[in-house]
Amino acid sequence: MSRTVPLRSQLLRRSVLSVPAINVRALQKSHSLDCDAVIFDLEDSVAPENKGEARENLRGFFAGPPLAGKERIIRINSLSSEFGAADLDLVKALLPDAVLLPKVDEPRDITEISVLLADAEAPEGLRIWAMIETPRGVLNVGAIAESGSTPGSRLDCLVVGLNDLRKETGVLQQPGRSFLVPWLMQVILAVKAYGLDALDSVFNDFQDAEGFDVECGQGRAMGFAGKMLIHPAQIAAANRHFGPSADEIAEAQAIISAFADPAARGLNVINANGRMIERLHLVQAEALVHKARLISARKPA
């Protein structure tokens, strides 16, 4: 009997666009974009004097037509800042799909907001995403991911923030990210160990399509679910790189068919065209085909 595809595999996170909440036009444009999720940003992209206006923009946007077919995430300012409490109050009022915490350093940051959301009786479906963008965050990423397994935790996804991490460590911005790869893989190990998703960091030069393609390919090879984006021009490439290819879909369907053969019943390993395939490959194949179906369902008829 095949395993049920885990809940998180039912969510597409190939392309996650960050939209400044201060930009009303960009907010409205998000309805027509083919990204999988939108981060409504109240933090880095909004100047301190504009935080209140940005919150009101979001209040108006959420009061309008729903953002169909996309996850909605609100990135708030740190709870220790002068803006964090008001941002969290807005999250409690608007009830997006997730709240994104900046500069998460340790599990306590996740626990704190989990308790605040529980005290506010926020629905369980309101999840927590965490930015990993500080040296302490990288050092503690395993414990941060593990905190998602504790009762009452809403942690669902980690998002790498390399701009802040480069700033704090002095690592230069270079093609290939060679000095950053070990830290990126620490994040991947953490999320895979505890059943979470991870998103690769933004690529700052949205006009450099070739460089973006290369970095998306690297992120996919590492195991990231998708990429955080700063411009709509990056959406199509992210969807292509982080979605399954036609060859991958065909291979997955062949694995599913091989295990569906009555002769494979009860076997954990089978021989398919000279290749030994384990049942764990069946689980992966089912998840990939399910993802492909979700992508196909998003396309207009």
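This is a predicted model: local features need pLDDT of at least 70, side-chain atom pairs count only at pLDDT 80 or more; totals for chains, interfaces and linings use all residues.

Visitor: Which residues of H2 are buried?
Guide: Lys51, Ala54, Arg55, Asn57, Leu58, Phe61 and Phe62.

Visitor: Where do they sit around the axis of H2?
Guide: On the same side of H2, because they cover an arc of only 155° around the axis.

Visitor: And how many residues does H2 have?
Guide: H2 spans residues 51–63, which is 13 residues. From first C-alpha to last, H2 reaches 19 Å, close to the 18 Å expected at 1.5 Å a residue.

Visitor: Strands next. In what order do the eight close into a barrel?
Guide: The order is E1-E2-E3-E4-E5-E6-E7-E8, with parallel pairing. On average, neighbouring strands of this sheet are turned by 25° against each other, direction ignored.

Visitor: Pick one pair. How many bridges join E5 and E6?
Guide: Five bridges, in the parallel sense. E5 covers residues 127–132 and E6 covers residues 155–160.

Visitor: What stands opposite isoleucine 128?
Guide: Leucine 155, in E6.

Visitor: Which helix lies across E5 and E6?
Guide: H8, residues 181–194. H8 also lies across strand E7 (197–200), and runs at about 160° to E7.

Visitor: Is leucine 95 buried, exposed or partly exposed?
Guide: Partly exposed, because its relative accessibility is 34%. The partly exposed class lies between under 20% for buried and over 50% for exposed.

Visitor: What about glutamate 121: where is its place?
Guide: Glutamate 121 is in the loop between helix H4 (107–119) and E5. Phi is positive there too, near 55°.

Visitor: Buried or exposed, glutamate 121?
Guide: Exposed, with a relative accessible area of 70%.

Visitor: Last one, zooming out. How is the protein chain divided?
Guide: Into domain 1 (15–242) and domain 2 (246–298). Their C-alpha centres lie 32 Å apart.

Technical notes:
Residues are numbered from 1 along each chain as its sequence is written. Side-chain values use heavy atoms; hydrogens and water are left out. Domain bounds come from an automatic or database domain assignment. Two strands pair if DSSP finds at least two bridges between them. Helices (H or I, at least four residues) and strands (E, at least two) are DSSP runs, numbered from the N terminus. Axes are lines fitted to C-alpha atoms, for helices over the stretch in contact, and angles run from 0 to 180 degrees between N-to-C directions. Contact means heavy atoms within 4.5 Å. The expected span of a helix is 1.5 Å times one less than its number of residues. Buried means under 20% relative accessible area, exposed over 50%, partly exposed in between (1.4 Å probe, protein chains only). The arc is that of the directions from the helix axis to the C-beta atoms.
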